[in-house]
Amino acid sequence: MNRWWQEKAVYQIYPRSFQDSNNDGIGDIPGIISRLDEIKALGVGIIWLSPVYKSPNADNGYDISDYRDINPMFGTIADMEQLFSEAEKRDIKIIMDLVINHTSDEHEWFKRSRDKDSPYRDYYIWREPDQSGGEPNNWTSFFGGKTWTFDPKSGEYYLHLFNEKQPDLNYHNPNVIAEIKDIMRFWLDKGAAGFRCDVINVIFKSSLEDGVHRLAVCGREHFVTQEGTHTILQELRREVLDNYDCFTVGEAALVNLRDAKLLTDPARRELDMVFYFDHLNVDRRIEKFIPKKFKANKLLKVLTKWQQGLYWNAVYLENHDQPRIVSHWGDDGDKYRERSAKLFAAMLLTLKGTPFIYQGQEIGMTNFDFEGMAQINDIETIGVDKLLRSFKIPARLRWNWLKASSRDNARTPMQWNAHPGAGFTQGQSWLDINSNHIEINHAEQERREDSVLNFYKKMIALRGSSETLKYGDFAPVWANEQVMVYSRTITGAEQLAVILNISGKPAATQIENNLIGPIIVSNIGRGEYDGTLSAWEAVVLKIW
């Protein structure tokens, strides 16, 4: 049976950068409410809201100090209830970010856990120093650096797979699981339609033994997608989620296809979808930081593995943790920026799965033109810079890598218009606004028929009306280093071919004549396909 979350497209909002309503330079919930009509006009039916909970913001809200309250910089619980209500009036559902691997060290649970005699002590993972007085094991953090911090008050170390202000919860404690169930029910009862589950596949640590020595994330074999994680997810599904009309999508760190299948197999009743990272790393070494040459045939191979390997995909090219796709794979110069942005819209909305569009992607926003580390706010980038310095990577090379890959590229404020403050704020924005908002902005593109924004609207509408694009089988057809071709087919009903030249050079395809037909989508407005492609050209053909 098809579900509503398979039919709709999702729009991710990073609240602090979306719309500021009180001119303090920080986006907020009333600002989101004021832009719901623009979101509705785009054609999406779901909003994924990055964290708005109370937080000291060591990691921009992914360090939560109170799961049942709203950060005052974003608004109030009443504002959140109004957002649910106003979205519902527009037939838009909202999923919340569920960050439950860790809390803030300012959460009341953690503050109480520092007392060895507290019932909250076992909410977190505390260990005595090793025999030499050092850290309990050799694990290393996702942010680069140590995973253990010594607490003088209690005389022990606590575990944090991320920043030291993000202590990991202890899922061997049933009281922790009970707390999480109550938090989920709280937001589902308020009106949430599900959850994006942050780094959900690392919540259960099967042991605290030393890990195999690695350049990054040492110890992963003891905490990535352990059997205990599956057991917990099944319990959350059975005792909470099955009582609501909702869905879950999990961010799955370091996930492989085998584990993703286990996490999303409908018969196992765990998650509905997962975010994986293989496709965005086809031109990267060691995760996303060190580049290598992009090849379209490599991308098609990776996409095919996941498209055919999973029951249902969460399809995305951008989010708050990734650079802008036009700057990553595309051409963010003046000549081909819009054309390449439209190509990625065509790709995203013709793959099988629920498409996720990140704020600003629909107008082709680009990476920010950072000039130095002093402009960087992101703790991950700062941590990786420290790690690269320890390996004696030269400063200029190190900066070139980080500038292209920093999470802050996606976190610069939304470009609503060409005015000072980009229509985002009349105050001093929390993170610099890209100077190209004068050329790239929502207001200008809304007025122009051939804009990236209007192309996204057309593609979202096409997917919404096409059973083939929503549910048809995916198959690779042909690829080389520049071009990839794949098909979407409902046997006996329809077949479509998607042809993408992911390069700035003209190209030709080598496909059989029986896979050529009338054009139903062209990002350059051409009427017929002759087997050749111009730079950054995308076409979708109706074969039968």
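How many of the 12 residues of H11 are buried? The model is predicted.

1. Helix H11 is mostly covered, with 11 of its 12 residues buried. The buried residues are Arg 337, Glu 338, Ser 340, Ala 341, Lys 342, Leu 343, Phe 344, Ala 345, Ala 346, Met 347 and Leu 348.

2. H11 covers residues 337–348. From its first C-alpha to its last it reaches 17 Å, close to the 16 Å expected at 1.5 Å a residue.

3. Strand S18 (residues 494–501) is largely enclosed by the rest of the structure, because eight of its eight residues are buried. On one side, Glu 494, Leu 496, Val 498 and Leu 500 point one way from the strand. Gln 495, Ala 497, Ile 499 and Asn 501 point the other way, and the residues of both sets are all buried.

4. One partner of S18 is strand S17 (residues 483–490), and the two pair in the antiparallel sense over eight bridges. Among the residues involved, Ile 490 has Glu 494 in S18 as its bridge partner. The hairpin of S17 and S18 has three residues between the strands, and there Gly 492 takes a positive phi near 85 degrees.

5. Strand S22 (residues 538–542) is also joined to S18, by five bridges, and these two strands run antiparallel. Val 498 of S18 stands opposite Val 540 in S22.

6. Thr 225 has a positive phi, near 50 degrees. Thr 225 is placed in the loop between strand S9 (194–197) and helix H7 (227–239). Its relative accessibility is 9%, so Thr 225 counts as buried.

7. Ala 422 is not a glycine either, yet has a positive phi of about 60 degrees. The residue lies in the loop between helix H13 (395–405) and helix H14 (442–447). Ala 422 counts as buried because its relative accessibility is 0%.

Terms used:
Residues numbered from 1 in each chain as written. Predicted model: local features only at pLDDT ≥ 70, side-chain atom pairs only at ≥ 80, totals over all residues. Heavy atoms only, no water. Helix = DSSP H or I, 4+ residues; strand = E, 2+ residues; numbered from the N terminus. Buried < 20%, exposed > 50% of the residue type's maximum accessible area, 1.4 Å probe, protein only. Expected span 1.5 Å × (residues − 1). Pairing = 2+ DSSP bridges.
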